[in-house]
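Please read them with the coordinates open.

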Amino acid sequence: MAAAETRTGTQLRNGAASLRGLVRPIPLLLAGAVVFLALGSTFSTIFAQQTVAGLAQGAVYSSLALALVLIYRATEVINFAQGEMAMATTYVAYQLILWGLPYWGAFFVTLAVAFVFGTVVQLALIRPVQHKSVIAIVIITVGLFILIDGLVAWKWGADIKFMPSPFGQTVYHVGGVPVAQEDLGTLLVVVISVVLLWGLFRFTKLGLGMRAAALRPDAARLVGVRVDRMLAVGWGLAAVLGAVAGLMAEPAAFVLQPSFMQPILLYAFSAAVLGGLESPIGAVVGGLALGVFLNLVGQYVPFVTSEIRLPFAFLVLLVVLLIKPSGLFGRARVRRV
Amino acid sequence: MTALLELRDVEARYGPVQVLRGVSLEVPEGSVVAVLGANGAGKTTTLRAISNTVRRSGELLFAGEPLGHRGPEAIARLGVAHVPEGRGTFAELTVWENLRLGAYTRPGSSLRSDPGRVLSYFPWLEDRRNQEAGTLSGGEQQMLALARAFVQRPRLLMLDEPSLGLAPVLVTEIFRIIRELNEQEGLTVLVVEQNAHLALQLAQTAYVLEVGRVALSGPSEELAAHESVRRSYLGY
């Protein structure tokens, strides 16, 4: 009896879902964008070049945006220090390379350091005020921003440092389009990090526990999930993603200085909001879209010079939010009570 | 029968409001015990005191171990599965992920090694395994919560108002499953319920709470025959 009743219920719901699927505008829009980029790339070499470079830049935004989203989902605040944490870990890599470690050795040691760093920040600074107020956490992250900035400048100096790129200067020709090895490498590293992270959340017990802890901490405790530990691990993972962003952003910026992650944090913030702030996929797509869009606009629209790139990014963000306040991938959840 | 769970003079408060004023009760191993009472009598708070999700004091013993300062996670790991009011299912996770969370505290995954056991009680879960739990009906969510608690392989299952907001047919179905879990799996159950009629049929022992104290207790048949219980809770 109950089974029959619920089965028709499911069919109805599935029917409704597939109907909605047909007219869902966002995937359509994205598919359109991909077709546009592919077509444009076959017609114009410069267009193709700018698209690939934009994807590489966007990948960096995606990575940091994803870090912001991870923290937002778990702690419900924007970690304003995320970019500076990434900057600090990039200096760690710089130091390790100075000490003679090969680049990729330094890369992985830095990721480990970043994980510990993120965990310690959560345990020492965030946890004590976690249940008190959201604004307290926000202020702590802002304070952390300034603290890290100062500490890095004190330790390494505020002057410009030079760090080698992990990728060579080779330029490949893919169907006549010159593609920099650096862009491909950046894309590849970010894609691998994101896929690994997705797998962790999707398939492992730790990932399931982290998702449960972020969604409903009280209910998670009742099934034995150690929520505090999960939140600390979450901050650690976010810091690792940030470190990847920092390390991949540095070669494009050519120089290392304490402020180098600040514009990238703003782009990442836009990407995260564009994607819907709660949505990891949204953050990744938002970052890539922003990177490509800004590059193409910079190429083809004369008045968008590098000086007004950032304000222009925010203009786009504003327009998107006016049309769809929950962001591209934010959704009003269907809940049955 | 020895007591699996024992509460002696347990008090609990939300801020300045004292809700439990000295509750003592025993849950024998292998039995079903019901806690009855009007709204605000402290039924839900009793369960929350056991899983330490409310500020409480007094003596709480589970299998001889004091629960004292153990956190909710640790108490779950001792073998107490608490299905809270509102079911505690994760709406955003799939049905199967909810079940995997049940197995969270078990070494390895009891779900992977033995999905048949939970599916024999809840066969429909198989078809719905990839559906988001939030899209299930209220009755289905209650069953999922029950299934998840069962996957936890607890020594004590605590249910808070399993009948709340459900159609009578589903309520009967859920109580049938609870009875089966008790009889076939030997699972000890502590159930809080507004529907005194069903609860007294299911439980061997029952406690009636009134404003944070145990007003009456005893074997279910005796309570069902008791004048004031009949009038206040059974309505005849």
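1. Basis of the note. This is a predicted model, in which local features need pLDDT of at least 70 and side-chain atom pairs count only at pLDDT 80 or more, while totals for chains, interfaces and linings use all residues. Residues are numbered from 1 along each chain as its sequence is written, and chains are lettered from A and ligands numbered from 1 in the order in which they are written.

2. Confidence in chain A. The mean pLDDT (the predictor's confidence in each residue, from 0 to 100) of chain A is 86, with 90% of its residues at 70 or more. The pLDDT is below 50 over residues 1–13 of chain A, a stretch that has 10 contacts in the model beyond near neighbours in sequence; two residues are in contact if their C-beta atoms, placed from the backbone, lie within 7 Å. Over residues 15–21 of chain A the pLDDT again stays under 50, and here the model has zero contacts beyond four places in sequence.

3. Make-up of chain A. Chain A holds 13 helices and four strands, where helices (H or I, at least four residues) and strands (E, at least two) are DSSP runs numbered from the N terminus. Of its 337 residues, 41% are buried; a residue is buried if 20 or more other C-beta atoms lie within 10 Å of its own, exposed if 12 or fewer, and partly exposed in between, with C-beta atoms placed from the backbone. Among the contacts in chain A with a separation of 6 or more, 72% join residues 24 or more positions apart.

4. Helix H12 of chain A. This helix (residues 280–300) has 21 residues and reaches 30 Å from its first C-alpha to its last, close to the 30 Å expected at 1.5 Å a residue, the expected span being 1.5 Å times one less than the number of residues. H12(A) is mostly covered, with 15 of its 21 residues buried.

5. The contact between the chains. Chain B gives 31 residues to the contact and chain A gives 26. On the side of chain B that touches chain A, the elements giving two or more residues are helices H2 (72–78), H3 (95–102), H6 (138–151) and H7 (168–185) of chain B. The residues on that side of chain B divide into 12 nonpolar, 12 polar and seven charged, where Ala, Val, Leu, Ile, Met, Phe, Trp, Tyr, Cys and Pro count as nonpolar, Asp, Glu, Lys and Arg as charged, and the others, Gly among them, as polar.

6. The six-stranded sheet of chain B. The sheet is open, with mixed pairing and the strand order S6-S7-S8-S3-S9-S10; two strands pair if DSSP finds at least two bridges between them. Strands S6 (80–83) and S10 (213–219) of chain B stand at the edges with a single partner strand each, so one side of each is left without a neighbour in the sheet. From one strand to the next the twist averages 15°. Within the sheet, S7 (residues 156–160) and S8 (residues 188–192) of chain B pair in the parallel sense over five bridges, and B:Asp160 stands opposite B:Val192 in S8(B).

7. S1(B) and strand S2 (residues 17–28) of chain B pair in the antiparallel sense over nine bridges, with B:Tyr14 opposite B:Val17 in S2(B). Two residues separate the strands of this hairpin, and B:Gly15 in the turn has a positive phi of about 55°. S1(B) also pairs with S4(B), in the antiparallel sense over seven bridges, and B:Glu11 stands opposite B:Ser57 in S4(B).

8. Two backbone angles to check. Which residues other than glycine have a positive phi? B:Asp9 has a phi of about 50° and lies in strand S1 (residues 3–14) of chain B, while B:Asn52, with phi near 55°, lies in the loop between H1 and strand S4 (55–62) of chain B. B:Asp9 is exposed, with 12 other C-beta atoms within 10 Å, whereas B:Asn52 is buried, with 22.

Definitions and conventions. Axes fitted to C-alpha atoms, helices over the stretch in contact; angles between N-to-C directions.
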